[in-house]
Structure formats: structure tokens, C-alpha cells
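Visitor: Could you take me closely through the surface of this structure, with its patches and the side-chain contacts around them? I would like one connected account.

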Amino acid sequence: MWKLLSPKRDFDDATFDRTAASFDNPDYVRIVIRNYPWRLRLAEGDPQYDGLEKRLAEGPVIPVPTITLDDDSDGV
């Protein structure tokens, strides 16, 4: 995925090894799989973060048509 999402980045083995430590977590698969339906608002989030979600939702509304621009180094 790193190469697909960041084809112009050169990740060395040491960087991968430091990051791979996060995979050694009993909740890793559950968290990753749960993220997609939550992000698409197809599933409820963790209730302990409801206060933060409410505060974020109160942020300013962007009142004009808006687009995002991504550079060509994003493989997706």
C-alpha cells in the first residue's frame, strides 16, 4: 500500500520496521476494518469520542463550491 499510495516516496526498511510495530496490536485488524464503514457514516463511532465528533461538526461550513486538488504522487 505504501508504494501504491506514495509511489514517489522512498521508504527504507528501518521506516517500515518502526511502522510495522503498530501491526502487532490485537485490535489492529478490527480497527482498520471498522474504519471504512465509520468513515462513510455507515457505522456508529466509539461513544467515548462523541463529544469530540460534536465539536468537530460545529466547525465552519464552507459556503462556496469547493474541490480538492491532489498531486500526481498519490497513486490512488
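Guide: A patch, as the word is used here, is made of residues with over 30% relative accessible area and no salt bridge, with like charges joined within 9 Å and nonpolar side chains within 5 Å. The model is a predicted one, and every value below is computed from it.

With that rule in hand, the charged part of the surface can be described: Asp-10, Asp-12, Asp-13 and Asp-17 gather there in a patch of negative charge. One of these residues, Asp-17, belongs to helix α2, which covers residues 13-20, and the side chain of Asp-17 counts as exposed because its relative accessible area is 52%, where exposed means over 50%.

The surface also carries a nonpolar patch, formed by Phe-16, Phe-23, Tyr-28, Val-29, Val-32, Ile-33 and Tyr-36, which together have about 640 Å² of accessible area. The element that gives the most to this nonpolar patch is helix α3, residues 28-39, with five residues. Val-29 has its place in helix α3, and Val-29 is exposed, since its relative accessibility is 53%.

Aromatic rings join some of these patch members to one another, for ring pairs link Phe-16, Phe-23 and Tyr-28 into a cluster. The count of aromatic pairs, with ring centres required to lie within 6.5 Å, comes to two. In the pair of Phe-23 and Tyr-28, the ring centres are 5.0 Å apart and the planes stand at 55 degrees, so this pair is described as tilted. Phe-23 is partly exposed, with a relative accessible area of 36%, and Tyr-28 is likewise partly exposed, with a relative accessible area of 30%.

Salt bridges complete this account, and a search of the whole structure finds two of them. In one, Arg-30 is joined to Asp-27, with the closest N and O atoms 3.7 Å apart; Arg-30 is exposed, at 54% relative accessibility, whereas Asp-27 is partly exposed, with a relative accessible area of 33%.

Notes:
Residues numbered from 1 in each chain as written. Predicted model: local features only at pLDDT ≥ 70, side-chain atom pairs only at ≥ 80, totals over all residues. Heavy atoms only, no water. Areas by Shrake-Rupley, 256 points an atom, 1.4 Å probe, with all protein chains shown as cover. Salt bridge = Lys/Arg side-chain N within 4 Å of Asp/Glu carboxyl O. Lys, Arg positive; Asp, Glu negative; His and termini not counted. Charge placed at Lys NZ, Arg CZ, Asp CG, Glu CD. Helix = DSSP H or I, 4+ residues; strand = E, 2+ residues; numbered from the N terminus. Buried < 20%, exposed > 50% of the residue type's maximum accessible area, 1.4 Å probe, protein only. Phe/Tyr/Trp six-rings, centres within 6.5 Å; stacked < 30°, edge-to-face > 60°.
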